[in-house]
Amino acid sequence: MENKEHRILLAEDDENLGMLLSEYLIAKGYNTTLAPNGEDAYNAFVAGKYDICIFDVMMPKKDGFTLAREIRMLNTEVPIVFLTAKTMKDDILQGFKAGADDYLTKPFSMEELLLRIEAILRRTSGNSQVQETYLLGKYKFDTQKQQLTIGEETIKLTTKESELLKLLCANANKVLERNIALKTIWVDDNYFNARSMDVYITKLRKHLKEDPSVEIINVHGKGYKLVM
């Protein structure tokens, strides 16, 4: 299948296996980024655009399950495949709960991994469009135009307001963790950026005040939730 445009994010802490898999996938025509741990993989995902993620489960700094859960908060569509030496049923279930599309137990052949990747990409290539419009109660949010419309009134959002509202919409009725939002939009989750995000949350609340059925609530110690 045509794969020149497909980008793979590979996270594997075993240096030899990581290089072997990366070189094999590149040789097969895939644009492959190799991360040596879960934290680097998360940062690469935030900074780039990927068609499929392949994550080892046992990794330093951030394990594969945690990484997958955090990525699912940013993107509900990107396929995730876990690589693991574990064969316990509970671990497999945990992997699928974390958002996995497939699971490969070590040792595996690289040909088998390639077949799994091709099958997933065939299945998902038709649904890669990013959602551009969200309906929030009486409001319509156009992410491309960065506009919030209610009745005849149109509110022009700043880029930061639009990015934050889009992230809240993608996680509607679920908790959006503060550090995820900060690293995605502000790149760094330091104190000053956290205060800045609080200001933008206040601005968004003012923009949404015309419809009481739409609310951004604080979840103490965790983050925010867009409730509709």
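This is a predicted model: local features need pLDDT of at least 70, side-chain atom pairs count only at pLDDT 80 or more; totals for chains, interfaces and linings use all residues.
In β2, the residue that stands as bridge partner to I8 is T32. Five bridges join β1 to β2, and the two strands run parallel. From β1 the chain passes through helix α1 (residues 15-27) to β2, a β-α-β crossover that is right-handed; that term applies if, with the strands pointing away from the viewer, the path from the first strand over the helix to the second runs clockwise. Helices (H or I, at least four residues) and strands (E, at least two) are DSSP runs, numbered from the N terminus.

Residues are numbered from 1 along each chain as its sequence is written, and side-chain values use heavy atoms, with hydrogens and water left out.

I turn to the sheet. In what order do the five strands of the open sheet lie? The order is β2-β1-β3-β4-β5, with parallel pairing; two strands pair if DSSP finds at least two bridges between them. β2 (31-35) and β5 are the edge strands, each pairing on one side only. From one strand to the next, the twist averages 15 degrees.

α3 lies across β1 (7-11), β3, β4 and β5, and runs at about 175 degrees to β4. α5 also lies across β1, β3, β4 and β5, and runs at about 180 degrees to β5. For these angles, axes are lines fitted to C-alpha atoms, for helices over the stretch in contact, and angles run from 0 to 180 degrees between N-to-C directions. Contact means heavy atoms within 4.5 Å.

Next, the interior. In soluble globular proteins, nonpolar side chains tend to be buried together. A nonpolar core is a set of buried Ala, Val, Leu, Ile, Met, Phe, Trp, Tyr and Cys residues joined through side-chain atoms within 4.5 Å. Buried means under 20% relative accessible area, exposed over 50%, and partly exposed in between (1.4 Å probe, protein chains only). The largest core holds 53 residues, of which F55, F82, L136, L164, L165 and L168 touch the most other members. α3 supplies the largest share of this core, six residues. Leaving aside neighbours within four places in sequence, F55 is in contact with several residues, among them L9, L67, I71 and F82. A second, separate core of 17 residues includes L21, I52, L114 and L121.

Finally, the loops. In the loop that joins α6 (159-170) to β10 (175-177) lies N173, a residue other than glycine whose phi is positive, near 65 degrees. N173 is partly exposed, with a relative accessible area of 40%. P107 lies in the loop between β5 (102-105) and α5 (110-124), and the peptide bond from K106 to P107 is cis, with omega near -5 degrees.
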